Amino acid sequence: MTQPTYKFSNICPIFVSPAVKRTVEYYVEILGFKYAEHYDKIENFATIYKDAVEIVIVQALHGEVESNTKRYGMGYDAYIDTDTLEGVRLVYEEYMAKGVKMLSEPHMTAYGSLEFTFEDIDGRIIGVGLIADKKTYFENSNYL
């Protein structure tokens with residue numbers, strides 16, 4: 001008898017926000033996401049969607065929302081893959097035209113990805129990119 005198998009199909013990060021409605025409006029109006037709101041629930045939250053990307057935005061009850069880089073000295077808060085390398089450039093151009101705060105232009109990283117970063121309305125640092133050079137990216141890996 002064979003063992004059942006499965007594959008992960010998505011990851012849904014949870015973004016804590018000082019103002020859920022404001023954060024959702026930014027992602028919808030500026031970044032082009034759709035949303036499902038749950039502002040009337042005990043836990044004030046909404047889920048935003050764009051293509052295969054899903055993010056839950058929840059209301060902070062205390063503390064300050066900080067990016068990983070600000071709090072820990074490094075690390076993006078999320079990384080979104082595009083489906084093509086050209087997609088990286090297209091997203092960059094779209095977001096630039098909409099006045100998104102860009103932290104870097106599309107560039108090749110030392111680890112083989114074409115990527116750029118931007119800052120969202122709450123100060124999170126989001127990377128957008130795609131592995132361009134699999135040999136470099138997976139050089140020391142057991143993935144392939």
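Tyr-137 touches Tyr-111, Ser-113 and Ile-131, leaving out residues up to four places away in sequence. Tyr-137 sits in helix 4 of a predicted model. The chain has 144 residues, of which 33% count as buried. Its secondary structure comes to 4 helices and 8 strands.

**Helix 4**

- Helix 4 covers residues 134–137 and includes Lys-135.
- Tyr-137 has 39% relative accessibility, so it counts as partly exposed.
- Tyr-137 and Gly-73 are 64 residues apart along the chain, and their C-alpha atoms are separated by 23 Å.
- Lys-135 counts as exposed, because its relative accessibility is 72%.
- Lys-135 and Gly-112 are 23 residues apart in sequence, with 8.0 Å between their C-alpha atoms.

**Tyr-76**

- Tyr-111, a contact of Tyr-137, is also touched by Tyr-76.
- Tyr-76 lies in the loop between helix 2 (68–72) and strand 5.
- Tyr-76 and Arg-22 lie 54 residues apart along the chain, and 21 Å separates their C-alpha atoms.

**Chain overview**

- From the N terminus on, the elements run β-α-β-β-β-α-β-α-β-β-β-α.
- The C-alpha trace spans about 50 × 45 × 30 Å along its principal axes.
- Take the contacts with a sequence separation of 6 or more: 51% of them join residues 24 or more positions apart.
- The accessible surface comes to about 9,800 Å². Carbon and sulfur atoms account for 54% of that surface.
- The chain carries 14 positive and 22 negative side chains. The centres of these two sets lie 1 Å apart.

**Largest nonpolar core**

- The largest nonpolar core holds 24 residues. Tyr-27, Leu-31 and Phe-118 touch the most other members.
- Two or more residues each come from helix 1 (20–29), strand 3 (45–50), strand 4 (53–59), helix 3 (85–97), strand 7 (113–119) and strand 8 (125–131).
- Helix 1 gives the largest share of this core, 4 residues.
- Tyr-27 has contacts with Phe-15, Gly-32, Phe-33, Ile-48, Ile-55, Asp-120, Arg-124 and Ile-126, leaving aside residues up to four places away in sequence.

**Helix 1 and its cover**

- Which residues of helix 1 are buried? They are Val-20, Thr-23, Val-24, Tyr-26 and Tyr-27.

- Thr-82 lies in the loop between strand 5 (78–81) and helix 3.
- Is Thr-82 buried or exposed? Thr-82 counts as buried, because its relative accessibility is 14% and the cut-off for buried is under 20%.
- Thr-82 is in contact with Gly-87, Val-88, Val-91, Val-128, Gly-129 and Leu-130, leaving aside neighbours within four places in sequence.
- One of these contacts, Val-128, is 46 residues from Thr-82 in sequence and 7.1 Å away in space, C-alpha to C-alpha.
- Asp-51 is found in the loop between strand 3 and strand 4.
- Asp-51 counts as exposed, because its relative accessibility is 78% and the cut-off for exposed is over 50%.
- Phi of Asp-51 is near 55°, a positive value in a residue other than glycine. Most residues other than glycine have a negative phi.

Definitions and conventions. Residues are numbered from 1 along each chain as its sequence is written. This is a predicted model: local features need pLDDT of at least 70, side-chain atom pairs count only at pLDDT 80 or more; totals for chains, interfaces and linings use all residues. Side-chain values use heavy atoms; hydrogens and water are left out. A nonpolar core is a set of buried Ala, Val, Leu, Ile, Met, Phe, Trp, Tyr and Cys residues joined through side-chain atoms within 4.5 Å. Buried means under 20% relative accessible area, exposed over 50%, partly exposed in between (1.4 Å probe, protein chains only). Contact means heavy atoms within 4.5 Å. Accessible areas come from the Shrake-Rupley method with a 1.4 Å probe; for residues, only the protein chains shown count as cover. Lys and Arg count as positive and Asp and Glu as negative; His and the chain ends are not counted. The place of a charge is taken as NZ of Lys, CZ of Arg, CG of Asp or CD of Glu.
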